[in-house]
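Student: I'd like to go through the charged pairs and some strand pairing in this one. Can we start once it's on screen?

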Amino acid sequence: MLTKIPHQEIGGAVVNEYSGGSPKSEASVGATGRSKSSVEVEECERRRSVSGPQQIVAMLHVDVPRGHRSRDTWPAVAPSRTARSSTQENLGATVVTQSHVDRHKANTALDFRERARSAPMTVTAMSALLLSILGLSVGVSHCPMWKEIAPCTCRTDSTKLTTVHCDKMASYDQAVRLLEGHFTPADRVFLKMSFSKLDDLPHRTFKELNMSIEHLKLNHDSLGELEGDTFEGLTKVLFFSLADNPLGKVPEHLWKRMPSVRTLDLGRTRIKSLTTSSFKDFPLQCLVLAGNFISQMDQDSFPRQVQRLHIGRNSLKTLNKTLTNLSDLNWLFANSNELTDLEGELPLDAKNLKMIHFSNNKIEKLPQQLKSLTELESLFFQYNQIKSLDGTLGKARKLMRVVLEHNHISTLTREDFAENEILESLILSHNHITTLNNSLLNLKNLNFLNITDNRLTEFSFQEIVGLQELKSIDLSYNRIKTLIGPATNLVEWNIKLTELKLDHNEIESLDGALSGLPELLRLNLSFNKLRRISPDDLIGLDQLRLLDVSHNYLTTLEETSKTFLPRLEELRASHNHLTILERDFHGLPVLCHADLSNNQIVALGRDLVSKTRCKIGHGVHEGTWDTLKIYLQDNPILCDAALPEIMSSMEINHTRIYGVAHCAPLSEQPVTSKPNAFLGYIPETTPSLPAAISANHRPLEQENEPNNRLKPLFKTSAYEAIQLRKNDLEDARKAQDQAVDLTQNDQYRVEEPKIDPVKQEKQLSKLASEIEELRTRVEELASQNQILLDQQMNKSTEKPPNEGLGENRKP
């Protein structure tokens, strides 16, 4: 029994998307205990303050808080190729989303080797590579007293900033005893005391530590009421976090003692309202209030100097004009609230506003103020109730990424993206779009387009003609029945797609619509209604690496042998109705993986892989030869008694068969002769065999016995075997003649099977030779039988001598 090696699968492309998490959900805390907003504000301050090599590494930082998981396996936001540095430096955090599990199972989606080669490098690897290229290094080392202050930890970076972590302290007094005497006021310190029991903190002060604290994190310490005297003397603190403490209200009495704070994190502190005095005269630049219970905000609640504001995951039903005077605002998170209308709520004169995030609200239309935000680069309005765009984004000339998935958008117009010429990523999945209306033709820099799960019934490639930067389109989960290629008079498409997803539609025929995509690498046509693929359908796909036609109604892949796909490495054709593979791989010279599982395959042509040899197209072994792997899970051929012969024949051509099948007992399996051109059990009713091969065999017991021959002594005569083969040959010739006669009559005209005359003549000659050999053997056996019969007859007719004499003596 063979065991099938499972396919290499990936959990979906990890993609960058600014997301605020599930509605009304608290931010998740990772294995390290860092919450989302605490990372955001820390990043805010870190990117503002660090320089040199540290700044380079900071710009590559990626955080992983919990966000909405899209059903799609494709990137939700394509990385920006322009102004990436300024955008990442200004945005506080980057959220990573993954593919939905169901979509991942339904569409094994994507080529593992191609994905592995094109997947982004890890942040660490990217940082190390960039720093090595620049000849820089980040010096981080233990501080001299790190052993004496254990279990606290201590590190010093190249900027002479010492990071001290004292987590899980039983009391503030314990931290003081560990740290006192080891630092001086000249030491610049980032102090973190988290997951501790600081019940005695209100009666103590940070002056006892005798250090210059610049960053102070007090997270998960069960702090409630805070005394102002405790924070006396912290005039140099730039970053301050009280996240994940049950404060209940804004501790506004602390701000006079900490006048230098520029980044403040009060995330998940159970704050219910904001007043005018909450941050009065507090020159904040980055403020995080995410994950609270804020339902009411007075006007002028926020300091006017604020540049980065996070009020997501609260209970806001209105913004109450609190943002209109924030002219310095750079990015804004207000996701996962209960907002319904934003008209007149955005800053009136925000010349530097680059990103706004209003996902998971109840917004029904985009505000007209978006037309005046000329510097806007990123817009996220997913999971709302927006029905149309109304041209609100058409003037945003610097817009690079738009996410509008999970809305109620039904129509698009050309004015919706009139001047968005540098837009790179457009997500419109899970809407009600029925037509694209030539709305995308101005997006000359578009790189990624996602329109999955809409209501499209047809797709014309005229919609993307001229979009030379467009590399990936996801049209899956629509109702597409028709694909329309370019106009006949169009000399050049100017379409350079590398990835096209058309799975889970209703496509029955391709009609050659894909034949002009010369740079396409991955094509997914699974879960459609395809019944055949003609040679014209795949012409010109010279770069294609992955073809997925699984879960269709295909009965043969023979037409693919007439199309040359010189670089196809993986073919997925599982869950179809394939029965026989003869020369189906002849147009696939470097095929390495063929998934043909869950079909009805009963035979493989001996020449199936004669023109195919797997060639590694990536990695350190690129260009070397390998073994073609054919997966035949749950196909009848795996129950054939000649399976060892099949495997041996395939291995000669550097091919291996994998799979598991549930076979009936050997005694119950049918036995039928098969033509020499095939390997495997071929049923008599197989429709795709040529007439000369599929001629019906008469059962042995129905053969007419010749009267001029003696029946041999053994049970099954060799003569009957000869007669059977002779009759087979005659029946094949008669069937061929009948087929020719039928084609002459239009009433019975059928498609004439294609038979190679030379090959047929060789087969007939071989049959004739075998018949002659068997006839000679039968004559020898018949002669021996005749001699034996004559001897028996002579013995039976001969009489004893005495008996004869007695008879003569009678009177």
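**Salt bridges and strand pairing**

Student: What sort of model is this, and how many salt bridges does a search of the whole structure find?
Tutor: It is a predicted model. The search over the whole structure finds 19 salt bridges.

Student: Start with R268. Which residue does R268 form a salt bridge with?
Tutor: With D244; the closest N and O atoms are 2.7 Å apart. This pair links distant parts of the chain, 24 residues apart. R268 sits in the loop between β9 (263–265) and β10 (273–274), and D244 in the loop between β8 (239–241) and β9.

Student: Is R268 buried or exposed?
Tutor: R268 is buried, because its relative accessibility is 7% and the cut-off for buried is under 20%.

Student: And D244, buried or exposed?
Tutor: D244 has 14% relative accessibility, so D244 counts as buried.

Student: Next, E375. Which side chain does E375 meet in a salt bridge?
Tutor: That of K398, at 2.7 Å from N to O. E375 and K398 also link distant parts of the chain, 23 residues apart.

Student: Where do E375 and K398 sit?
Tutor: E375 is in the loop between β15 (355–357) and β16 (378–380). K398 is in the loop between β16 and β17 (401–403).

Student: What is the relative accessible area of E375, and what about K398?
Tutor: E375 has 22%, so E375 is partly exposed. K398 is at 37% and counts as partly exposed as well.

Student: What about R583, which residue does R583 bridge to?
Tutor: E582, with the closest N and O atoms 3.1 Å apart. R583 is partly exposed, at a relative accessible area of 34%.

Student: Change of topic: strands. How many residues of β7 are buried?
Tutor: Six of the six, across residues 212–217, so β7 is largely enclosed by the rest of the structure.

Student: In which sense do β6 and β7 pair, and over how many bridges?
Tutor: β6 (residues 188–192) pairs with β7 in the parallel sense over five bridges. V189 has I213 in β7 as its bridge partner.

Student: And β7 with β8, parallel or antiparallel?
Tutor: Parallel, over three bridges.

Student: Which residue in β8 stands opposite K217?
Tutor: S241.

Terms used
Residues numbered from 1 in each chain as written. Predicted model: local features only at pLDDT ≥ 70, side-chain atom pairs only at ≥ 80, totals over all residues. Heavy atoms only, no water. Salt bridge = Lys/Arg side-chain N within 4 Å of Asp/Glu carboxyl O. Helix = DSSP H or I, 4+ residues; strand = E, 2+ residues; numbered from the N terminus. Buried < 20%, exposed > 50% of the residue type's maximum accessible area, 1.4 Å probe, protein only. Pairing = 2+ DSSP bridges.
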